[in-house]
Amino acid sequence: MQWEPEAAKELEKIPEHVRQMAKMGIETSVEKKGNNIVTLEDVREAAQRFGALMEKDEKITKIAIVRCDIVSETCPGVACFKAFNKRKMHFGNYGDAEIIGFFTCGGCPGRRVFRLVDSLLKHGVDVVHLSSCMLMEGGYPKCPHIDEIRQMLLKKGVKVVEGTHH
Ligand code: SF4
């Protein structure tokens, strides 16, 4: 596959860590068109497609779920995921969304949440759900540290939703 000089120059504008992958993608699409020379237009078309994909990705709501470490001894989290996958209960308002983190508080008083929230922010988290097991009352006591955990998340600028599956 040959590259017109302008096309090769345009390719240089693509960040280095994805350039090789982009090059292969462009060549495959040129090949599918029955051509063997990559033009400037081919590179620009690919950049547009990539831009549209990035835009789509940006619209996806990124969710993390924090849950009680004690409860995690007996609960694998199936109900949380079921509610998310079916967009039920506290996940009912989401359209395009993905769970990017699912972790326990690390045990009382929940310091792991404090440590992990910075990492979640780096990954673009939009909202943290406090799982329903942290909010239970009756047979199992409600988390006594939930107010501190909530406040800490809010101070970091993260939206908080109380509850997952009930
Ligand atoms: S801090 Fe709350 S959520 Fe974490 S283990 Fe203790 S009771 Fe459970």
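The protein chain, here a predicted model, has six helices and six strands; both are DSSP runs, with helices (H or I) of at least four residues and strands (E) of at least two, numbered from the N terminus. Residue numbers start from 1 along each chain as its sequence is written. Since this is a predicted model, local features need pLDDT of at least 70 and side-chain atom pairs count only at pLDDT 80 or more, while totals for chains, interfaces and linings use all residues. Along the sequence, the elements come in the pattern β-α-α-β-α-β-α-β-α-β-α-β. The radius of gyration (taken over C-alpha atoms) is 23 Å, well over the 15 Å from the globule rule for 166 residues, so the chain is more spread out than a compact globule. That rule is 2.2 Å times the number of residues to the power 0.38. Along the principal axes, the C-alpha atoms fill a box of roughly 70 × 30 × 25 Å.

Next comes the sheet. Four strands make an open sheet in the order β4-β3-β5-β6, with parallel pairing; two strands pair if DSSP finds at least two bridges between them. β4 (97-104) and β6 sit at the edges with a single partner strand each, so one side of each has no neighbour in the sheet. From one strand to the next, the twist averages 25°, using lines fitted to C-alpha atoms as axes and angles from 0 to 180 degrees between N-to-C directions. Strand β3 (residues 61-67) is joined to β5 (residues 127-130) by four bridges, and I63 stands opposite V127. β5 also pairs with β6 (residues 159-162) over four bridges, where H129 is partnered by V161 and L130 by E162.

What about the inside? Of the 166 residues, 23% count as buried, meaning that 20 or more other C-beta atoms, placed from the backbone, lie within 10 Å of a residue's own. The largest nonpolar core has 21 residues, and A64 and V66 have the most contacts inside it. Such a core is a set of buried Ala, Val, Leu, Ile, Met, Phe, Trp, Tyr and Cys residues joined through C-beta atoms within 7 Å. Two or more residues each come from β3, α4 (78-85), α5 (111-122), β5 and α6 (146-155), and β3 gives the most, with four. Leaving out residues up to four places away in sequence, A64 touches I100, G101, L120, V125 and V128, a contact being two C-beta atoms, placed from the backbone, within 7 Å. A second, separate core has seven residues, including I26, V30, V38 and V43.

How values were computed:
Buried ≥ 20, exposed ≤ 12 C-beta atoms within 10 Å, placed from the backbone.
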